[in-house]
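Here is a friendly walk through one protein model. Please have your viewer open as you read.

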Amino acid sequence: LLGVNGTVLTEALTHKKIIAKGEELVSPLNLEQASSARDALSKAVYGRTFTWLVNKINASLAYKDESLKNSSVIGLLDIYGFEVFQHNSFEQFCINYCNEKLQQLFIELTLKSEQEEYEAEGITVSHTPRCPNSNV
């Protein structure tokens, strides 16, 4: 599905390669490191798949008739909880992924609003750093 050679993928997920002074050193990853590499790849694939899917859906819903441009659409999404099952379906993954993105956005906007309110009241606050892995 990824369009890569399985042997090369296996090697990439179970070994690390370091190039120093033109010399290449390959060493095996331990179980925890290999699991982290696998999980990172899965997260990236699912994240990009989700973004691709949302873009395709949005493109299919785009107004093609200018007379419909003033129509209103209301969408609701339950962001109450993140569910973990023994085996998640793709649909459940999409729900969980979207919930996480919405929660990140909500937290960021809430913190930004609080900081602006403090600044307006003359209260000194330190800058709240963004989460380094956040795309929000």
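Which residues are buried in α3? They are Gln92, Phe93, Cys94, Asn96, Tyr97, Asn99 and Gln115, where buried means under 20% relative accessible area, exposed over 50% and partly exposed in between, with a 1.4 Å probe and protein chains only.

A word on the ground rules. This is a predicted model, in which local features need pLDDT of at least 70 and side-chain atom pairs count only at pLDDT 80 or more, while totals for chains, interfaces and linings use all residues. Residues are numbered from 1 along each chain as its sequence is written, and side-chain values use heavy atoms, with hydrogens and water left out.

**Overall picture**

The protein has three helices and two strands, arranged along the sequence as α-β-β-α-α. Helices (H or I, at least four residues) and strands (E, at least two) are DSSP runs numbered from the N terminus. Of the 136 residues, 10% count as buried. The accessible surface is about 11800 Å², and carbon and sulfur atoms hold 59% of that surface; areas come from the Shrake-Rupley method with a 1.4 Å probe, and for residues only the protein chains shown count as cover. Among contacts (heavy atoms within 4.5 Å) with a separation of 6 or more, 35% join residues 24 or more positions apart.

**Helix α3 and its partner**

Helix α3 covers residues 90-120, 31 residues in total. From first to last C-alpha α3 reaches 45 Å, close to the 45 Å expected at 1.5 Å a residue; the expected span is 1.5 Å times one less than the number of residues. The buried residues of α3 pack against α2 (31-61). Just after α3, glycine 122 has a positive phi of about 80°.

**On the surface**

Valine 45 lies in helix α2 and counts as partly exposed because its relative accessibility is 31%. Together with Leu2, Val4 and Leu41, Val45 makes a nonpolar surface patch of about 290 Å². Patches are made of residues with over 30% relative accessible area and no salt bridge, like charges being joined within 9 Å and nonpolar side chains (Val, Leu, Ile, Met, Phe, Trp, Tyr) within 5 Å.

**Salt bridges**

The structure holds two salt bridges, each a side-chain nitrogen of Lys or Arg within 4 Å of a carboxyl oxygen of Asp or Glu.

| Pair | Closest N to O distance |
|---|---|
| Lysine 17 and glutamate 24 | 4.0 Å |

Lysine 17 is exposed at 54% relative accessibility, whereas glutamate 24 is partly exposed at 48%. Arginine 38 is partly exposed at 43%, and aspartate 39 is partly exposed at 41%.
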